[in-house]
Amino acid sequence: MIFRQLFDSVSGTYSYLLASRAGGEALILDPVLEKVDRYCQLLRELDLKLVKAVDTHLHADHVTGLGELRDRTHCMTVMGDQTKADVVAMRVADGDKVTIEGLSLDVMYTPGHTDDSYSYLMGDRVFTGDTLLIRGTGRTDFQNGSSRAQYDSIFNRLLKLPDETMVFPAHDYKGDTVSTIGEEKRYNPRLQVRSVDEYIELMANLKLPNPKMMDVAVPANMRVGLHQEELEKEGRALSAVEAIRSLGRPDILLVDLRETNERMKHGMLEGALHTPYPSVEESLKPGGMLREVVAATGRRVVFFCAFGERSAMAVAAAKEAGLTNTAHIAGGIDAWKKAGGPVVHG
């Protein structure tokens, strides 16, 4: 497995690059905007294709690299269901899995530092974001933070993992790089409390200054969405209502770019072809399935996904591949359902 822990000294942020093999798919956790050149260089050096960029929560101390990485690598952006960010390509909830070729991360909702804080468990290691830090815990005094929720996330979720599980946080200010659940149970001063009330009192008396970047980072991180208005202007976007009206038309081919678990959870559209987003570029090349179907039938391809991010990128990829008769459903299946469109559950 390829595993890289990358550090941004300005904000004390750790980012993590994961892949199962050289030449394969990669995922990055908690990327920092200023380090995107470095990540892209590393991806080239290790011959990796970045397919997912994940933020554990909406950060207040640095501007996320999600949007820039999506623009440069056409990867999918991933955050938790509760995020205030405008558009992320894929939203996950407790119990879901985030998968790339050869690797799978279990999604754990661990609120407290913020109300959209998640941890990601992968075998012998857990990426705890700012929920559990090495010999510390994330502050709980802004962004709908809650010491009570954090106590529950730490004591009833994270500390229930095996003692030898490695802890990789999103921040460290003292130079520590990794710990274990067992070590934190024994030596983390904030975890030596006897009750939730004692923890709440401890957290209420930290009196920390606000992060230096907070006023810049939080608004910037809420606007990572791909701007889909361009496609609308070019006549390459169908509103959900228009898309619902066109359901079943023989001259239109609906293509679902979501992953299987998203389709199972949120429903499918009748008659849609399933081509998960990471395989779209292959499918559009000469000899690729989508290209062949279009050539044989002359149908207009209408892509859709969860919120319109992946489908907007697929329209751009199709245009680059020379297929101009494509469009997408603006706002994705989310907008479709809100407009009362029918879905089929498998």
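**Cysteines, core and pockets**

Modeller: The count of disulfides comes to 0. This is a predicted model.

Colleague: How far from Cys 40 is the nearest cysteine sulfur?

Modeller: A disulfide needs two cysteine sulfur atoms within 2.5 Å. Cys 40 is in no disulfide, and the nearest cysteine sulfur belongs to Cys 75, at a distance of 8.9 Å.

Colleague: Is Cys 75 buried or exposed?

Modeller: Cys 75 is in no disulfide either, with the sulfur of Cys 40 as its nearest. Buried means under 20% relative accessible area. Cys 75 has 0% relative accessibility, so Cys 75 counts as buried.

Colleague: And Cys 40, buried or exposed?

Modeller: The cut-off for buried is under 20%. Because its relative accessibility is 10%, Cys 40 counts as buried.

Colleague: Which side chain makes a polar contact with the side chain of His 62?

Modeller: His 62 sits in the loop between strand S4 (49-54) and helix H2 (66-73). Its relative accessibility is 2%, so His 62 counts as buried. Leaving aside neighbours within four places in sequence, the residues in contact with His 62 include Ser 11, Pro 31, His 171 and Met 213. The polar contact, at 3.2 Å, is with the side chain of Thr 13.

Colleague: Where is Lys 212, and is it buried or exposed?

Modeller: Lys 212 lies in the loop between H5 and helix H6 (214-221). Exposed means over 50% relative accessible area. At 85% relative accessibility, Lys 212 therefore counts as exposed.

Colleague: What separates the C-alpha atoms of Lys 212 and Gly 24?

Modeller: Along the chain, Lys 212 and Gly 24 are 188 residues apart.

Colleague: How far apart in space are Phe 127 and Asp 30, C-alpha to C-alpha?

Modeller: Phe 127 belongs to strand S10 (residues 125-129) and counts as buried because its relative accessibility is 1%. Beyond its neighbours within four places in sequence, Phe 127 is in contact with residues including Phe 3, Leu 29, Leu 105 and Phe 168. Phe 127 and Asp 30 are 97 residues apart in sequence, and the C-alpha to C-alpha distance is 10.0 Å.

Colleague: Which elements do the buried residues of H3 pack against?

Modeller: Helix H3 covers residues 147-156, and its buried residues are Ser 147, Gln 150, Tyr 151, Ser 153, Ile 154 and Phe 155. An α-helix has 3.6 residues a turn, so residues three or four places apart point the same way. The buried residues of H3 pack against strand S12 (136-137) and helix H5 (196-204).

Colleague: Which residues lie closest to the centre of the largest pocket?

Modeller: The largest pocket has a volume of about 630 Å³. It is lined by 27 residues, divided into 10 nonpolar, 9 polar and 8 charged. Closest to its centre are Asp 61, Arg 139, His 171, Tyr 173 and Pro 211.

Colleague: Which helix gives the most to the lining of the second largest pocket?

Modeller: The second largest pocket has a volume of about 310 Å³, and its lining has 9 nonpolar, 3 polar and 6 charged residues. Among its 18 lining residues, His 74, Met 313, Ala 316, Ala 317 and Glu 320 lie nearest the centre. H2, helix H7 (229-233), helix H10 (280-284) and helix H12 (309-320) each supply at least two lining residues. With 5 residues, the helix that gives the most is H12.

Methods:
Residues are numbered from 1 along each chain as its sequence is written. This is a predicted model: local features need pLDDT of at least 70, side-chain atom pairs count only at pLDDT 80 or more; totals for chains, interfaces and linings use all residues. Side-chain values use heavy atoms; hydrogens and water are left out. Buried means under 20% relative accessible area, exposed over 50%, partly exposed in between (1.4 Å probe, protein chains only). Helices (H or I, at least four residues) and strands (E, at least two) are DSSP runs, numbered from the N terminus. Contact means heavy atoms within 4.5 Å. A polar contact is a pair of N or O atoms within 3.5 Å; within protein, one must be able to donate a hydrogen and the other to accept it, and residues adjacent in sequence count only if both atoms are side-chain atoms. On a 1 Å grid over the protein atoms alone, a cavity is a set of points where a 1.4 Å probe fits but cannot get out, and a pocket is an open set with protein on both sides within 12 Å along at least five of seven lines; lining residues have an atom within 4 Å of a point. Grid points are joined across faces, edges and corners, and a volume is the space filled by probe spheres set on the points. Ala, Val, Leu, Ile, Met, Phe, Trp, Tyr, Cys and Pro count as nonpolar, Asp, Glu, Lys and Arg as charged, and the others, Gly among them, as polar.
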